[in-house]
Amino acid sequence: MKNILYVDLTERSSKVIERPELFSTYLGGSGVASKLLLEETEPGTDPFSPDSPIIFASGFLVGIFPCMVKAVAMFKSPLTKNLGESHAGGYFASALKFAGYGALVIRGASENPVVLKIVDDDVKVERADSLWGLSPLDVEKTLRECRFEGMQSIISCGRAGEKLINYSNVIADRFHHFGRLGLGAIFGSKKLKAILINGRGEIPLEDPIAIKEKYEELQNEVVKSDTMLKYHNLGTPSNILEFNERGTIPSRNFKESRFRGAERISGEVMAEYFLERKISCPGCPIACIHLAELKTSFAPEHEKGRKEIFYEKVLVPYNYEPMFALGSNLLVDSPKDLLRLIYSCECLGLDAMMVGTILAWVTEAFEEGIINLDDTLEIEPRWNDTEAYLQIIQNIVDLKNPFYIKLAQGLDAASEKYGGTEFAMVVGGNGLAGYTTGYGAIAGQLVGARHSHLSNSGYSMDQKTLDQTISPEQIAGFLINQEDWLYVLYSLGTCYFARNIYKKDIVSEVLKIMGIDNTPEDLIQIGKEIFHNLFKFKIREGFELTEQKIPNRVYQMQTPLKKLEVEKMESIIKHYIHKRESEGLQLQPEEKALKELLSFEG
């Protein structure tokens, strides 16, 4: 894996550059993408500038071992104005690799809508005016070739991306997502509607027999042990009842930690009455993607006012995070209504988690009189009012008035203009995930490079240490250790759900079979360097960890540890900064750090 495909949308040209040293140092995935992001982005570049790159990288072990399926996208986020990082399953990582590339860098912008088509070494940028305005689901149906060799993947943005909504996403192969932080809007700014990759090559292996033996050993662990069983059975919605019982599921915009309607939208209910199919990524036997059947109006605008209404059935992917964001957090307790909200985000190409965060703030802001009917265009946002929420989502994408335009920019922008920052549930510009588990969940998302609960599993640490007293220094240490190791896995292409299969000694063994002799300690150093690269980008683009604010609501919500204390949270952050800076990572802009040093010396 050494080839990087560069595509210029302005010139409609492409070239391949070999970078074997980049892949031997950083493996692939997040490691390679983070280095390319630093190299390819001029400091201060506007996220929507043609000079702002989109970088995709396939994991080093994708297509070789089980559960190695992830592609990583990196870009400058329009939502946070610093690091944009998103991971997706589906076929994209495998198709890119089988086409002969370890990474793809897209620069420039087209004047007209285009689709990028990559079939091995045949790379074309084609006009796609007829696709503009279509949902990612329809784009996928249109571009999908029924007969092909190798691996095929199609990813695209929706109308939200075309309108530059800062939290629009890119949907991969219909049921997977490059979610969070606005990759869809970067697609829209470049008039890039979709990418189709058809990879027909092979991955050369030096010792296929040894790899086959290890593959079978890992496959048995994945399939026959209980390690990943829950992801296949009920999927992540199995958390809903468990979290509700523990009092760790956010409800009513994090005002409460239990949800009275939890049983009605539980994983058990979804499986019994709505589940239609389960699907897997290639090379993974788990089938964690759960698809529910939803009956929708066939053509609501055309059939408006008619007695005869026709319906069609569609498949909607569901998992815990959107079910929290658009369910318990909004008090939506009807499975059908919850699926309608998720499906709306799917069709428009919106990040469902951020949409739920915004709708919860809008509802509470309306209750508090911070916004009024003039702002919402006569819509009364009320808890559990799905019809109102659907209209608000549509108005955001249509940029209906200054209020909706501000919502399209993100919750930081909206709450700074209208008020209500104390209950705007974002850290680092990104919406909080669905965990009121304790300090690890909040601090973990704050310090994580992409401000995601998947950055360092802080929520998981909370759950495992409920009966223990954990010091701020221990929490900070756990977050750092997790970040460093997860970035090794994210560079290999490992699915997050398989992190307990691919432990440090196993990964070291697997890489040795592949001809890379790294001890677990060596791998941790690689992960640490990758994380440093990500934060170097964030700092360079103006991010300051010490200036990030945590909404006051965090200290009012009930957790299993009772209410969180400001002093302990601040202590965790201080320990985290101290530990990271002792590694040589500078967490302040250079000018500010120098000024403070000179001030201290004076």
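**A tour of the aromatic rings**

Start by selecting tyrosine 231, which counts as buried because its relative accessibility of 10% is under 20%. Keep in mind that you are looking at a predicted model.

How are the rings of tyrosine 231 and phenylalanine 497 arranged? Their centres are 4.0 Å apart and their planes are at 5°, so this pair is stacked. Colour the chain around them: tyrosine 231 belongs to helix H8 (residues 229–232), while phenylalanine 497 is in the loop between helix H20 (472–492) and helix H21 (504–513). The pair links distant parts of the chain, 266 residues apart.

Next, select tyrosine 487 and phenylalanine 531. Here the ring centres are 6.3 Å apart and the planes are at 55°, so the pair is tilted. Tyrosine 487 lies in helix H20 and phenylalanine 531 in helix H22 (residues 520–540), 44 residues apart. Are these two buried or exposed? Tyrosine 487 is buried, at 0% relative accessible area, and phenylalanine 531 is buried too, at 1%.

For a group view, select Phe243, Phe254, Tyr320, Phe324, Tyr435 and Tyr459 together: they form one aromatic cluster. In total, the structure holds 17 aromatic pairs.

Finish with two lysines. Lysine 15 sits over the face of tyrosine 6, 5.9 Å from the ring centre. Lysine 538 lies over the face of phenylalanine 535, with 5.8 Å to the ring centre.

Methods: Residues numbered from 1 in each chain as written. Predicted model: local features only at pLDDT ≥ 70, side-chain atom pairs only at ≥ 80, totals over all residues. Heavy atoms only, no water. Phe/Tyr/Trp six-rings, centres within 6.5 Å; stacked < 30°, edge-to-face > 60°. Helix = DSSP H or I, 4+ residues; strand = E, 2+ residues; numbered from the N terminus. Buried < 20%, exposed > 50% of the residue type's maximum accessible area, 1.4 Å probe, protein only. Lys NZ or Arg CZ within 6 Å of the ring centre and 35° of its normal.
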